[in-house]
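Subject: The three-chain model, with notes

Hello,

Here is the structure I promised to pass on. Please open it alongside this message, and my notes on what turned up follow below.

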Amino acid sequence: MGYKAKFRVWRGEGGEGRLEDFTVEVNEGEVVLDVIHRLQATQAPDLAVRWNCKAGKCGSCSMEINGKPRLGCMTRMSTFEESETITVTPLRTFPVIKDLVTDVSFNYQKAREIPSFTPPADVKPGEYRMQQVDVERSQEFRKCIECFMCQNVCHVIRDHEENKPNFAGPRYLMRIAELDMHPYDVADRKESAQEEHGLGYCNITKCCTEVCPEHIKITDNALIPMKERVVDRKYDPLVWLGSKIFKRQR
Amino acid sequence: MERHEYDVVVIGAGGAGLRAAIEARQQGKRTAIVCKSLFGKAHTVMAEGGAAAAMGNVNSSDNWMVHFRDTMRGGKFLNNWRMAELHAKEAPDRVWELEAWGALFDRTKDGKISQRNFGGHEYPRLAHVGDRTGLELIRTLQQRVVALQQEDEKLHGDPEAYIKVFAECTVTRLLKDGDAISGAFGYWRETGDFIVFDAPAVVLATGGIGKSYVVTSNSWEYTGDGHALALLAGARLINMEFIQFHPTGMVWPPSVRGILVTESVRGDGGVLRNSEGRRFMFDYIPDVFKDKYATTEEEADRWYDDQANNRRPPELLPRDEVARAINAEVKAGRGSPQGGVFLDVSTRLPAAEITRRLPSMHHQFKELADVDITKEPMQVGPTCHYVMGGVEVDADTGAASVPGLFAAGEVSGGMHGSNRLGGNSLSDLLVFGRRAGAGAAAYVDGLAKRPAVTGLDEAQTEALAPLERSGGENPYEVHHELQRTMNDLVGIIRKSEEISEALQVIEKLKERAKNTASSGSRIYNPGWHLAIDLRNMLLVSECVAKAALLREESRGGHTRDDYPGMSAEWRRRLLVCSAKPDGTSITVEEDVQPSMRGDLISLFERSELEKYLTEEELAEYDAAVKES
Amino acid sequence: MTQTTAESAARKQRAQIRVRTLRTDRWWLAPAFTFAGLLLFLIYGFWAIFDGSYFVDPYIAPFSSPCLATSCPEGARLFGLAPFGDWYTLPPGILILGLPGGFRLTCYYYRKAYYRSFWLSPPACAVAEPHGKYTGETRLPLILQNIHRYFFYFAIIIGLILTYDAVLALVHKPAGLGSWILLVNAALILCYTFGCHSCRHITAGRLNHFSRHPLRYKAWTLVSKLNARHQQFAWASLFSVMIADLYVRLVAKGVINFPFA
């Protein structure tokens with residue numbers, strides 16, 4: 001049943017820190033977050049970690065476990081060898097506050113830059129009529145629990161801090177796609193997706209999809225369809241010509 | 001010390017807090033939202049089933065009166081009837097409003113918001129998105145806040161001019177000027193620095209108290225902060241003895257024990273069986289519900305397809321009934337291997353249908369327990385889920401007895417009586433969140449001058465104390481013992497001696513809590529944070545235990561082994577908890593439950609009311625019926 | 001949220017972990033295989049273009065179809081036509097390979113594959129890329145990836161021609177192994193082509209009201225099913241076209257000469 005596991009956990013305030021070694025008890029059925037909590041309760045009471053629901057629904061306990069972005073509460077200890085040393089570090093793309101807690105304000109900043117849902121002025125609450133098939137695509141994106149692991153893993157900003165001002169990141173490009181596909185949204189989001197929010201930086205290498213704990217097909221269902229919508233507007237000469245002629249006729 | 005001036009400070013950023021803040025901002029008030037976690041992580045995301053609102057989209061016979069009746073019935077007539085009335089009437093508008101803010105609910109064939117069945121609701125009533133409705137709600141409100149900030153940026157050049165979120169910030173004291181609220185004192189979790197809000201109105205929306213129990217569906221935030229802050233500020237808590245144990249929490253593996261298994265599993269066809277394979281819920285239909293529930297498996301199964309001509313399966317009885325039944329089965333030795341009972345949907349629905357209707361349950365069991373719910377049954381057992389009790393408020397404005405203090409959502413009391421119906425929580429948040437926000441805004445408008453902040457030094461000393469002691473108690477251990485005590489002694493089934501024992505333990509823990517020490521710095525120090533939260537959990541636990549000891553009957557979320565029956569006399573009594581400002585001497589006193597308005601009580605049949613009311617009250621009822 | 005507390009410089013820093021990745025699995029395996037697979041295809045393709053034995057009645061090697069030059073044998077020509085005159089003496093494959101090549105080069109899946117395995121941008125998730133600067137597909141030349149849908153239109157034509165070739169071979173030689181190889185190849189190529197992200201967009205992806213366009217929605221759901229396996233079809237068709245092409249050439253060269261070849 002129980003065994004002693006070897007853990008290496010990043011400790012430190014701000015960016016300066018080091019990996020600290022711990023030996024800690026593990027019981028059957030536990031997840032990495034349980035072990036971190038045991039460390040808090042027994043060996044390191046001030047070890048900082050964010051968590052809330054412990055059921056993979058809130059997206060608070062994002063961390064990097066053996067180098068991979070994971071939710072601590074959804075990473076079962078049984079996926080590791082008992083002899084393995086498990087390395088736990090904070091999300092790399094964001095500044096560290098302390099230990100495993102990072103400053104994720106970048107994401108909230110980006111959230112505020114995406115224009116909100118814009119319904120037509122003449123539809124009153126209670127009058128919305130939408131078919132299930134029309135909302136399903138956007139519903140998939142709304143499963144997002146904002147764990148920010150896609151933002152963290154995306155090499156556009158993970159490896160290039162300088163791109164942060166020009167790139168909204170997968171989560172918020174997906175938010176643009178969600179609104180652009182919304183049956184009642186009237187705002188035009190295609191031009192700004194490319195020009196202001198950096199959709200063009202995405203080279204569809206799909207790491208966002210790989211790490212998504214909600215298994216949202218971010219790349220295939222949000223980013224690429226959004227890129228295609230941008231092509232309609234900006235890069236497809238035929239569509240452009242067609243719309244010009246069509247407009248003139250009207 | 002960092003200081004901010006606001007008109008309204010909302011503590012808590014769950015559904016109720018955000019809805020209150022949105023309302024206050026829409027009424028032109030400068031509003032702060034203070035929350036312990038990151039913005040958008042509140043416990044509301046855990047709500048799965050849906051938001052109950054009598055829109056009548058699926059069954060057009062539904063209306064606010066039916067919803068009102070269901071709510072009162074579910075709460076065993078202990079509800080604040082005015083709240084239940086407002087809730088039933090306003091819930092549809094609040095849900096529709098979400099849609100205009102971008103929420104995407106599941107749809108009916110004619111394009112309206114789809115509604116699902118749930119325990120205790122006569123008609124399909126819960127607006128939902130798969131089984132992640134809470135997430136949709138919180139995200140929509142969060143995005144509404146962002147929309148308002150974008151508006152403010154256009155108008156004033158500063159997105160945070162009128163509504164600002166103070167995330168990862170914990171309030172430890174409400175500040176007062178004489179009798180009235182004048183602000184709030186807290187600390188940044190990130191830095192440990194203190195922060196003071198100057199504000200004439202504070203809206204509490206801090207949720208529940210589940211972290212006082214070991215087996216709970218609640219997150220770490222649910223330490224009863226709002227309950228305790230209100231107590232310390234001189235407000236009254238009512239109905240604290242009523243705690244809802246959700247019948248179906250996970251029981252294995254141990255680390256996820258208590259995590260919720262949504263009621264929609266049962267609403268969509270899941271059945272409960274004991275180790276002998278028997279659908280035992282048929283044995284536990286109480287007399288008050290006898291004519292509303294199916295008595296044979298055949299009738300129960302027909303109901304899923306034809307609800308008009310069949311009675312509903314007993315798996316959909318109100319939560320307290322189901323939780324007690326499971327508890328009894330396990331005690332009788334007919335439980336599952338890991339100490340729960342079996343909840344099976346795999347033999348009832350095709351696999352594809354299960355993954356479509358219950359995606360996050362499928363995901364949760366697969367990832368956490370390695371159980372494929374499309375192939376095998378789940379093991380479930382009761383888990384501490386919701387506290388019906390809370391701050392006594394005025395139904396229309398959410399105002400507490402302390403001027404300037406408001407409360408909404410789980411932290412407020414009365415709406416749900418002795419037991420909350422599933423789905424009534426999300427609609428409660430929206431209806432009373434809005435009302436509390438509006439109430440606070442109106443209160444601020446009516447003030448002649450802003451109150452002054454006092455009591456900062458005391459608040460600061462109190463907060464720093466655990467850091468300044470060394471070699472004291474480990475706060476984690478004190479917390480753990482409190483959880484064990486409440487779980488074992490003031491849990492789902494209660495006895496006089498056990499509750500008294502719990503009160504003695506709480507007395508000792510209070511002493512030990514005063515002696516807790518936290519090592520490390522003030523920067524993001526969870527040990528320190530817990531030491532501070534302990535005060536709140538102990539205060540609230542004492543209220544719960546004292547009220548539970550007094551109420552000598554069994555009703556809803558309060559079951560006394562030594563008083564198993566429901567008493568019409570006790571229905572008329574509210575137990576009110578109050579404390580001295582220093583947190584010593586918690587007292588619980590009886591108060592009278594006001595009688596229902598004539599037109600509302602006339603909505604019920606006399607035969608039903610006879611089960612709940614005294615002769616005297618029935619005479620009032622007869623008079624009311626005659627009048628109308 | 002933006003907070004108004006005073007912040008020291010160290011507190012605005014990422015964790016100073018001085019290794020490229022802390023991953024302990026064999027993350028380099030997938031990009032290595034991708035690199036090898038794509039390289040093999042490039043080498044084979046280069047050889048095949050200049051290989052003259054692309055036709056043996058009734059088979060035509062896919063890398064050289066449609067054959068549009070006068071230098072093509074009569075039976076190899078598409079509908080017997082040779083729109084390019086006598087002046088064109090280079091291998092016929094060069095005339096058309098740009099189209100399927102361009103389709104695959106700008107394909108959303110292959111972009112991922114070669115960005116990762118050739119350009120290491122990034123080599124694998126959570127493994128740092130070796131480049132100092134990154135602009136993605138925001139400027140020339142990579143902004144040209146956006147013309148993918150035009151390659152898709154041509155790819156449909158090529159796919160249909162390959163299907164026509166296969167059906168023709170099957171009619172003439174129903175018992176020939178080559179006919180069946182060509183048919184399987186054509187099927188895989190069509191699955192790959194119609195599972196294209198641009199195709200998905202064109203069928204109905206660009207619409208916001210599926211319910212108002214039931215036929216297009218139906219098409220979209222079909223394309224979406226193929227699209228979910230786009231990666232698998234990309235590799236399957238890559239190898240099938242190589243195998244089919246090589247098979248035809250080996251038959252043409254007489255290397256393979258059993259009765260039902």
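In chain A, V9(A) stands opposite V88(A) of strand β5(A). That pair belongs to the pairing of β1 (residues 3-11) with β5 (residues 85-89) of chain A, two strands that run parallel and are joined by 4 bridges. On β5(A), V88(A) is also the bridge partner of I65(A). This second pairing brings in strand β3 (residues 62-65) of chain A, which runs antiparallel to β5(A) and is joined to it by 2 bridges. Please keep in mind throughout that this is a predicted model.

Where they touch, domain 1 contributes 12 residues and domain 2 contributes 13 residues. What is the make-up of the side of domain 1 of chain A that touches domain 2? It divides into 6 nonpolar, 4 polar and 2 charged residues.

Next, the contacts between chains. Between chains A and B, the contact takes 46 residues from chain A and 50 residues from chain B. On the chain A side, α1 (32-42), β6 (96-98), α2 (105-113) and α3 (132-141) each supply at least two residues. Which of the elements gives the most to that side? It is α3(A), with 4 residues. Sorted by class, the side of chain A that touches chain B holds 21 nonpolar, 12 polar and 13 charged residues.

Chain A also meets chain C, in a contact that takes 44 residues from chain C and 50 residues from chain A. On the chain C side, α3, α6 (197-205) and α7 (214-228) each supply at least two residues. Here α3(C) gives the most, with 5 residues. By class, the side of chain C that touches chain A has 16 nonpolar, 17 polar and 11 charged residues.

Within chain C, have a look at helix α5 (residues 177-194). At 1.5 Å a residue, its 18 residues should span 26 Å, and because the end C-alpha atoms of α5(C) are 26 Å apart, the model agrees with that expectation. The buried residues of α5(C) include I181(C), L182(C), L188(C), I189(C), Y192(C) and F194(C). G178(C), S179(C), N185(C), A186(C) and T193(C) are also among the buried residues of this helix. What do the buried residues of α5(C) pack against? Their partners are β2, α4, α6, α7 and α8 (230-252) of chain C.

Chain C also has cis peptide bonds to look at. One joins D57(C) and P58(C), with omega of about 5°. P58(C) sits in the loop between β1 (55-56) and β2 (59-60) of chain C. Another cis bond runs from S121(C) to P122(C), with omega near 0°. The loop that holds P122(C) lies between α3 (108-117) and α4 (148-172) of chain C.

Now over to chain B, where the backbone has its own points of interest. K76(B) is not a glycine, yet it has a positive phi of about 55°. F77(B), also a residue other than glycine, has a positive phi near 60°. K76(B) is in the loop between α2 (64-74) and α3 (81-100) of chain B, and F77(B) is placed in the loop between α2 and α3 of chain B as well. Are these residues buried or exposed? K76(B) counts as buried because it has 23 C-beta neighbours inside 10 Å. F77(B) has 27 such neighbours inside 10 Å, so F77(B) counts as buried too.

I have kept the annotated site for the end. In an unreviewed entry, UniProt lists R319(B) under "active site". R319(B) is found in helix α8 (residues 319-331) of chain B. With 25 C-beta neighbours inside 10 Å, R319(B) counts as buried. Which residues is R319(B) in contact with, leaving aside its neighbours within four places in sequence? They are G119(B), Q244(B), H246(B), P247(B), N419(B) and G422(B).

Do write back with any questions.

Best wishes

Technical notes. Residues numbered from 1 in each chain as written. Chains lettered and ligands numbered in written order. Predicted model: local features only at pLDDT ≥ 70, side-chain atom pairs only at ≥ 80, totals over all residues. UniProt positions renumbered as here; feature names shortened; annotations may be inferred. Buried ≥ 20, exposed ≤ 12 C-beta atoms within 10 Å, placed from the backbone. Contact = placed C-beta atoms within 7 Å. Nonpolar A, V, L, I, M, F, W, Y, C, P; charged D, E, K, R; others polar. Expected span 1.5 Å × (residues − 1). Pairing = 2+ DSSP bridges.
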